[in-house]
Amino acid sequence: MVYVGIPKGQADQEEEVLKTIQDGDSDELTIKRFTESREKPGALWHIYAAKDTEKIREFLKKVAEEQGQENPVDHDPIHDQSWYLDRSLRKRLHQEYGVQGWAIVQFLGDVVFIPAGAPHQARSRDAVHNLYSCIKVAEDFVSPEHVKHCFWLTQEFRYLSHTHTNHEDKLQVKNVIYHAVKDAVGILRANESSLSRP
């Protein structure tokens, strides 16, 4: 989070932000960062374990059906990002499926790492993505430990409709694997003579 702009003279906005943070199930230390340390909060995130993805998907489909919405085969309730799990839906998800996430308030200067495949959402007081006006810098990366999961996500994206924004392979996992192997082989070949000595 590289910038958080807080309008001057709007005390009622601070109260709204505090209520959003509290309703977002943030812990007491996080609330104190805002109320006592006067740090600038930019976004409220809810992050879930990747292992709970199918349970969350099933839950969102169930809620959509209850509300009379369709669940097209070539769409995905997680990748569509059409749902925000508010406090009541998060509570219901925990009660019915045993799934509980982590609430993280991203303050000015904070970095949030989201593991591969971890469903997540950002929330604001007015359903944009920020608590205040802010600028966030995002970077995708593939760590060796999560290549398998990234590849699995790429396969998931292939089944979305061709017009879906996530249909393409944004992480380029196959290219990452190819270049990593190519570099490793190049290093081994360059050091082949020193490796073959007894």
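The second largest pocket of this predicted model is lined by 14 residues, among which Asp25, His46, Arg90, Gln100 and Gly101 lie nearest its centre; a pocket is here an open set of points on a 1 Å grid over the protein atoms alone, where a 1.4 Å probe fits, with protein on both sides within 12 Å along at least five of seven lines, and lining residues have an atom within 4 Å of a point. Its volume is about 200 Å³, taken as the space filled by probe spheres set on the points. Helix H4 (87-97) and strand E3 (102-107) each supply at least two lining residues, and the largest share, five residues, comes from H4 (helices are DSSP runs of H or I with at least four residues, strands runs of E with at least two).

Local features need pLDDT of at least 70 and side-chain atom pairs pLDDT 80 or more, whereas totals for linings use all residues. Residues are numbered from 1 along each chain, and side-chain values use heavy atoms.

In the largest nonpolar core, which has 17 residues, Val17, Ile21, Phe34, Val105 and Leu131 touch the most other members; such a core is a set of buried Ala, Val, Leu, Ile, Met, Phe, Trp, Tyr and Cys residues joined through side-chain atoms within 4.5 Å, buried meaning under 20% relative accessible area with a 1.4 Å probe. Two or more residues each come from helix H1 (11-23), helix H2 (28-35), strand E2 (41-47) and E3, with E2 giving the most, four residues. A second, separate core of 13 residues includes Tyr48, Ile56, Leu85 and Tyr97.

Key:
Buried < 20%, exposed > 50% of the residue type's maximum accessible area, 1.4 Å probe, protein only.
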